[in-house]
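Please look over the fold shown here.

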Amino acid sequence: MRTQVAIIGGGPSGLLLSQLLNRAGIATVVLERKSRDYVLGRIRAGVLETGLVDLLHEAGAGDRMDREGHLHDGCKLAQNGRMFRIDFRQACGRQVMVYGQTEVTRDLYAAQDAIGATVIHDTEDVALHDLTGTPFVTWTDAGGSHRLDCDFIAGCDGFHGISRQSIPTDVRREFEKIYPFGWLGILSHTPPADSELIYAAHDRGFALASMRSATLSRSYIQVPLTDRVEDWSDDAFWTEFKARMPAEVADRLITGPSIEKSIAPLRSFVSEPMRWGRLFLCGDASHIVPPTGAKGLNLAASDVHYLYEGLTAHYRGDDRGIEAYSQRALARVWQAMRFSWSLTMMMHRFPGASDYDRRMQDTDLAQLETSETARRLMAENYTGLPY
Ligand code: APR
Ligand code: PHB
């Protein structure tokens with residue numbers, strides 16, 4: 001087999017890149033380790049920056065998002081029961097789209113089907129070869145062993161994928177911060193706690209009230225890394241969630257059984273560079289953000305934007321885009337890393353934090369409540385810095 005761009009990974013990064021390249025007349029093959037149902041069974045975040053909304057429209061995969069997504073003009077921050085609002089529109093003139101990543105992925109699969117794109121599922125032992133020469137990919141599946149010759153490889157295979165590991169260790173430079181807690185999240189067929197997202201800092205720990213629709217809520221509480229999902233009944237979750245939310249929110253909250261419940265650890269991670277020869281890394285393959293700033297999917301989108309621009313320019317004879325890809329993508333990655341880190345540090349309770357540390361957290365929140373400049377910086381980062 002031969003194609004122009006081999007894409008490893010059929011998550012949001014890989015599918016969005018495949019869809020954009022195919023619409024630009026560039027042939028791709030997506031190799032995905034799991035089945036489509038498995039990929040679509042993952043519950044992920046649901047806040048889309050304008051840049052991603054625009055890319056989905058450009059990819060011809062934005063219609064259902066326009067119908068079923070919800071544009072939000074702001075969010076709320078709470079501190080031990082006191083709540084205030086960050087007005088994105090007033091602060092920076094932008095909004096965010098609340099629409100589940102699972103739905104984005106579903107729409108991208110449908111768009112790929114509509115154009116007859118090649119997405120091969122259940123691939124095993126994917127290996128990347130001759131990355132600094134004439135690249136090719138090998139794998140096995142039910143049909144036996146396969147080889148795909150290509151011009152370029154896009155590593156869109158997430159944190160646990162093979163692509164980042166295919167860059168020599170003496171070339172890679174990795175940066176990591178592990179947070180001493182996780183997020184216990186549940187999905188429930190209940191009305192959202194509020195019309196906008198609520199990020200709540202509390203002495204008992206952080207909590208987040210999010211949503212997927214008017215009847216589907218996504219709710220989180222910070223838990224110790226030692227906790228397991230089976231330690232938390234639905235009732236115990238809701239009791240703790242309500243204890244961390246402002247009383248006005250807790251009093252009106254409608255709770256219900258979880259339809260999904262899981263604990264996710266929090267880490268900040270970046271692997272540099274994002275290019276090695278003919279291999280380009282996109283999304284979680286290169287970087288992981290704590291979910292606090294809702295940047296995971298949105299950073300994958302800006303990587304895809306830069307790579308899509310670079311590859312289309314290459315096939316027009318201009319290599320400046322692919323030459324600049326790693327530097328260009330990393331500049332925005334580190335901005336989002338800083339924002340996600342700062343919001344995580346401000347909103348969570350850290351074991352062993354000093355009284356001084358706690359005062360710094362309180363003061364950070366107080367500045368957001370009292371300073372228009374602080375709110376503008378928060379709004380610009382949350383709604384998405386320009387590509
Ligand atoms: N071969 C083929 N596919 C692989 C391999 C492999 N060796 N390893 C991983 N994959 C697949 C995974 O099964 C997954 O479907 O690559 C895909 C990577 O998708 P994601 O992990 O969702 O990463 P990405 O597409 O970059 O999307 C980033 O997803 O994890 C969230 O918070 C993250 O919202 C962000 C978004
Ligand atoms: C979610 O809806 O899952 C979500 C929203 C915002 C975040 C994190 C998660 O910051």
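How are α10 and α11 oriented to each other, roughly parallel or roughly perpendicular? They are roughly perpendicular to each other. Angles of 65 to 115 degrees count as roughly perpendicular, under 35 as roughly parallel, over 145 as roughly antiparallel, and the rest as oblique.

This is a predicted model: local features need pLDDT of at least 70, side-chain atom pairs count only at pLDDT 80 or more, and totals for chains, interfaces and linings use all residues. Residues are numbered from 1 along each chain as its sequence is written, chains are lettered from A and ligands numbered from 1 in the order in which they are written, and side-chain values use heavy atoms, with hydrogens and water left out.

**Helix pairs**

Two packed helices are described by the angle between their axes and the distance between the axes. Axes are lines fitted to C-alpha atoms, for helices over the stretch in contact, and angles run from 0 to 180 degrees between N-to-C directions. Helices (H or I, at least four residues) and strands (E, at least two) are DSSP runs, numbered from the N terminus.

| Helix pair | Axis distance | Angle |
|---|---|---|
| α1 (residues 12-23) and α9 (residues 296-314) | within 9 Å | roughly 30° |
| α10 (residues 320-347) and α11 | 8 Å | about 115° |
| α11 (residues 355-370) and α12 (residues 372-383) | within 5 Å | roughly 100° |

The angle of roughly 30° makes α1 roughly parallel to α9. Contact means heavy atoms within 4.5 Å. On the α1 side, the contact residues include Leu16, Leu17 and Leu20; on the α9 side they include Val304, Leu307 and Tyr308. This contact has twelve nonpolar, two polar and no charged residues. Ala, Val, Leu, Ile, Met, Phe, Trp, Tyr, Cys and Pro count as nonpolar, Asp, Glu, Lys and Arg as charged, and the others, Gly among them, as polar.

In the α10 and α11 pair, Met345, Met346 and Met347 of α10 meet Gln361, Asp364, Leu365 and Leu368 of α11. The classes are five nonpolar, one polar and one charged. Helices α11 and α12 are also roughly perpendicular to each other. Their contact has three nonpolar, two polar and three charged residues.

**Nonpolar cores**

A nonpolar core is a set of buried Ala, Val, Leu, Ile, Met, Phe, Trp, Tyr and Cys residues joined through side-chain atoms within 4.5 Å. Buried means under 20% relative accessible area, exposed over 50%, partly exposed in between (1.4 Å probe, protein chains only). The largest core has 65 residues; Leu16, Leu17, Leu48, Leu56, Val137 and Ile153 touch the most other members. Helix α9 gives the largest share, eight residues. Apart from this core lies another, of 33 residues, including Phe88 and Met378.

**Backbone sites**

Most residues other than glycine have a negative phi, and most peptide bonds are trans. Glutamate 272 and proline 273 are joined by a cis peptide bond, with omega about -5°. Proline 273 sits in the loop between β17 (258-272) and β18 (275-276). Proline 273 is partly exposed, at 22% relative accessibility.

Aspartate 122 has a positive phi of about 60°. Its loop runs between β8 (118-120) and β9 (124-129). Aspartate 130 has a positive phi of about 50°, in the loop between β9 and β10 (136-141).
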